[in-house]
Amino acid sequence: MERGSSEPPTARSASAHAPATPATSSAPSAASAPAASTAPMHIPRSASMSCHTPRSAGAKKRRGASALPRSMSFDPSLLHNNGHTAFANGTGVGIRETGVVEKLLTSYGFIQCSERQARLFFHCSQYNGNLQDLKIGDDVEFEVSLDKRTGKPIAVKLVKIKPEVLPEERISGQVGPDMHASPITKLHGYIHPVVSAIPTHLDGKSAPGQVPTGSVCYERNGEVFYLTYTPDDVERNMHLDTGDRVSFYMETNKHTGAVSARNIVLVKKKQMRCQGVVCATKEAFGFIERGDVVKEIFFHYSEFKGDLEALQAGDDVEFSIKERNGKEVATDVRLLPQGTVIFEDISIEHFEGTVAKVIPKVPSKNQNDPLPGRIGARINFSEKELPFGEKDTKSKVTLLDGDHVRFNISVDRRDKLERATNIEILPDTFQFTKESREMGVIAAMRDGFGFIKCVDRDARMFFHFSEVLEESPLHISDEVEFTVVPDMLSAQRNHAVRIKKLPKGTVSFHVQSEQRFIGQVDREATPASAAANKNVSPSKAKEKDAEEGVIAYEDCGVKLTVPYYIKDLEGAALPQLGDKVEFSISEVKRTGLQSAVSIKILNRTGNSKRLLGFVATLKDNFGFIETANHDQEIFFHYSEMCGDVDNLELGDTVEYTLSKGKGNKVSAEKVTKVAPVNGIGEDVGTTVLLGKVTRPLRSVDPSQTEYQGLIEVTEEGASKGQSYPFGIVSMASKADCLQKGELVKFQLCTVVHTSQKMACHIVPQRRALVESVKDQFGFITYEVGESKKLFFHVKEVQDGLELQTGDEVEFSVILNQRTGKCSACNVRRVSEGPKPVATPRPERLVNRLKSITLDDASAPRLVIVRQPRGPDNSKGFSIERKARQPGVID
């Protein structure tokens with residue numbers, strides 16, 4: 001019968017199951033054995049077979065045959081009708097026979113006779129003993145009688161026979177390949193005795209008439225033999241695997257002559273392949289975190305089967321374990337696909353808890369616990385305390401005792417240890433901890449760290465980026481909340497941890513009074529360095545150089561004075577001497593110093609008028625303001641700027657007062673940056689026109705007398721040939737530098753004060769070829785002023801593309817107001833240029849080089865212009881160079 005087949009086995013004689021006896025018995029007639037041709041035949045529990053060519057049939061027979069003579073146990077002369085008793089009523093003298101239980105059902109079964117070819121029916125009520133102990137394949141003794149109803153022979157008075165045990169010594173073996181109720185398996189290359197494990201997927205069940213069996217292989221005199229066994233033959237019901245080494249006794253069935261193994265005892269389990277993850281690599285060896293037990297194991301690089309250069313910590317591997325010098329080591333180490341080895345199972349559900357013990361920043365010498373942290377939580381209606389380690393937190397933010405956290409639970413597959421992982425601090429944690437929170441503003445940032453300007457401290461507070469709670473990056477001037485803790489390396493130093501970003505306007509360094517006071521300007525405040533040096537930009541001066549103003553006022557009948565500073569005016573008009581003002585008092589939280597803020601001028605003598613304008617030009621220490629009518633520009637010096645000049649940009653809206661200086665030249669004074677206003681009017685046309693710049697702004701061409709630029713319409717239509725002025729506010733990009741002759745797209749708008757039409761939303765249409773590209777910069781073939789090419793930096797190339805010579809690009813031109821030089825920005829490649837092709841040298845030059853010799857007087861010569869010299873004015877070489885002759889050693 002083939003393995004896995006569901007067909008019943010073919011009926012075979014008892015002698016066919018003997019170890020080396022050929023199956024030569026004749027088949028019975030249909031009359032003598034009516035059930036033998038259709039019912040399933042018993043499969044002997046074992047057979048002995050050599051995997052080598054047998055020396056002789058007789059030798060095999062002697063090895064496997066029973067020690068007792070296989071003779072009939074009754075007188076054949078008493079039988080008739082093919083061996084049945086002569087007493088038809090079954091009351092004659094009973095003759096005992098032996099057989100094997102071939103089929104066993106709920107209330108009846110069939111027995112295969114051992115001494116003759118017959119298959120007899122029996123009823124379970126005829127069995128003398130516990131029916132639960134009777135199994136298929138058991139040897140039984142019985143009497144033959146006739147069924148009163150049918151007249152057919154049946155077996156009665158059944159008794160189970162204990163098998164005869166061969167008086168042999170124990171034999172050793174190991175577990176081999178699986179089989180399904182088959183008495184013999186192949187050797188599969190095993191040299192030592194082998195056991196074929198009983199299949200576990202049968203779940204203790206088999207087909208009718210079949211018992212799940214395995215096989216034992218043992219070696220004698222260079223030959224290998226197989227014996228079958230059943231689960232009942234294994235001591236203590238121990239599960240055996242293929243390759244396990246065992247010891248057993250041999251048993252021979254006295255009726256069938258079949259030899260089997262019994263009393264099987266496990267000697268040594270088969271060495272299995274283990275899996276793990278490389279956790280450390282040294283110069284010539286490494287360590288593997290085992291996947292079956294919580295333990296590391298050593299391995300030498302000579303045991304790694306693969307590319308050693310590619311091996312690194314974190315790789316999944318499989319290996320065998322051997323014992324060397326009394327210690328376990330990994331051998332035959334091989335790589336596995338990444339993700340094969342899984343140490344733990346992480347819960348999908350999130351839990352909330354409280355940090356009961358934090359991980360110490362500086363571990364003590366006696367600290368051996370890899371999971372020193374503890375989190376208390378209520379899980380499944382019971383309180384639990386879960387450990388955690390450094391790698392179990394989602395971020396490196398410092399944890400404190402009492403923190404309210406959210407986490408997952410990880411269960412180690414090896415020892416079922418539970419721990420908290422993926423720990424993150426919840427936003428409401430500061431309500432549970434007893435920490436003191438401070439506020440401040442980000443003052444400086446470096447690579448990985450920064451400094452906070454504190455509200456309550458003089459010194460700036462150091463912090464590391466890993467201490468930021470939010471994932472979004474911080475920026476300078478961001479308002480934050482933090483906790484101050486001592487530095488773990490120096491107790492005298494503090495640093496900020498657990499940094500939380502706050503909404504704008506939350507942090508205040510001052511406390512402003514709600515009461516408003518009225519006073520009079522006793523001394524005007526002056527901008528930084530304005531009085532000392534009119535040629536120095538306040539942006540280059542120090543804040544301490546600014547002179548404070550003084551306001552005199554009365555409070556409860558007491559005359560007091562309070563200083564004020566220009567930086568605190570926040571764009572308001574500059575108070576003058578004698579002005580009556582209304583103000584609030586601000587007190588610095590850290591120092592308690594007071595100053596006047598929110599100053600409002602109540603009355604002022606004089607008729608100076610404040611005007612609006614737009615920053616048109618910024619030079620080193622002066623600039624120009626475009627008037628509200630966009631037709632003129634007004635000079636102003638940085639010393640007249642109320643506020644920080646570094647905050648000014650082209651196109652910013654400012655408020656100023658006109659004054660006349662030497663030579664009746666008009667200039668702007670008391671310039672203050674104000675909120676942006678719409679400088680191009682409300683009625684902007686929807687039509688987009690094409691035009692050409694016929695005159696640039698005076699900031700681009702200082703030689704022209706007019707400030708405004710002009711654009712002539714070039715597209716066909718009613719307005720072709722008409723020209724429209726434009727100013728700095730007309731540019732879509734205020735930093736763009738329009739040159740004469742450039743093509744642009746624009747719209748039209750109406751100036752509110754003059755009702756004049758002017759161009760707005762101007763976008764230049766520039767295209768040119770890349771002339772050359774160096775390391776970090778390049779040049780575009782584009783004429784700007786007197787220069788025939790335009791500089792650009794590779795950082796200005798969009799999409800990070802690498803430009804090549806000949807590429808066509810679009811770009812904007814910006815004018816550096818300080819230096820007066822133009823450069824390209826927002827460079828975008830439109831199309832690629834032709835690929836450069838190496839031009840071969842001219843034939844005449846190649847022939848000339850081939851014909852030149854060192855003795856040719858007309859050949860090109862190198863002329864030494866300057867001799868090399870060393871730092872001490874020596875010739876630069878300690879040994880004079882000489883011509884060396886080939887083959888001669890000095």
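Okay, let's start with Val-744. Leaving aside neighbours within four places in sequence, Val-744 is in contact, meaning heavy atoms within 4.5 Å, with Leu-689, Leu-690, Gly-691, Val-693, Ile-711, Leu-738, Ile-762, Val-763, Pro-764 and Gln-765.

Before I go on, a word on where this comes from. This is a predicted model, where local features need pLDDT of at least 70 and side-chain atom pairs count only at pLDDT 80 or more, while totals for chains, interfaces and linings use all residues. Residues are numbered from 1 along each chain as its sequence is written, and side-chain values use heavy atoms, with hydrogens and water left out.

So what does Val-744 belong to? Val-744 is listed with Ile-711, Phe-726, Leu-738, Phe-746, Ala-759 and Ile-762 as the residues with the most contacts inside the largest nonpolar core, which has 19 residues. A nonpolar core here is a set of buried Ala, Val, Leu, Ile, Met, Phe, Trp, Tyr and Cys residues joined through side-chain atoms within 4.5 Å. Buried is under 20% relative accessible area, exposed is over 50%, and partly exposed is in between, using a 1.4 Å probe and protein chains only.

Which elements build that core? Those giving two or more residues are β36 (610–618), β42 (689–695), β43 (709–713), β44 (723–726), β45 (743–750) and β46 (757–764). β45 gives the most, with three residues. Apart from this core lies another, of 16 residues, including Ala-768, Val-797, Leu-803 and Val-813.

Let's follow β36. Strand β36 runs antiparallel to β40 (residues 653–660), and five bridges join them; Gly-613 stands opposite Val-654 there. On β37 (residues 622–627), again antiparallel with five bridges, Gly-613 faces Thr-627. A hairpin of three residues links β36 to β37. For the rules: two strands pair if DSSP finds at least two bridges between them. Strands are DSSP runs of E, at least two residues, and helices are runs of H or I, at least four, numbered from the N terminus.

Now the barrels. One closed barrel of five strands goes β3-β4-β5-β7-β6, with mixed pairing. Its neighbouring strands are turned by 50° against each other on average, direction ignored. Those angles use axes fitted to C-alpha atoms, for helices over the stretch in contact, and run from 0 to 180 degrees between N-to-C directions. In it, β3 (residues 96–104) and β6 (residues 139–146) pair antiparallel over five bridges, with Thr-98 opposite Glu-141.

Another closed barrel of five strands goes β25-β26-β27-β29-β28, also with mixed pairing, and the twist averages 50° from one strand to the next. Four bridges join the antiparallel strands β26 (residues 449–454) and β27 (residues 461–464), and Gly-450 stands opposite Phe-463.

How many disulfides are there? A search of the whole structure finds zero, a disulfide being a pair of cysteine sulfur atoms within 2.5 Å. For Cys-749, the nearest cysteine sulfur is that of Cys-760, 3.9 Å away. Cys-749 is buried, at a relative accessible area of 0%. For Cys-822, the nearest is that of Cys-737, 3.7 Å away, and Cys-822 is partly exposed at 21%.

Last, the whole chain. There are two helices and 51 strands, and buried residues make up 39% of the 890 residues. Residues 24 or more positions apart account for 57% of the contacts with a separation of 6 or more.
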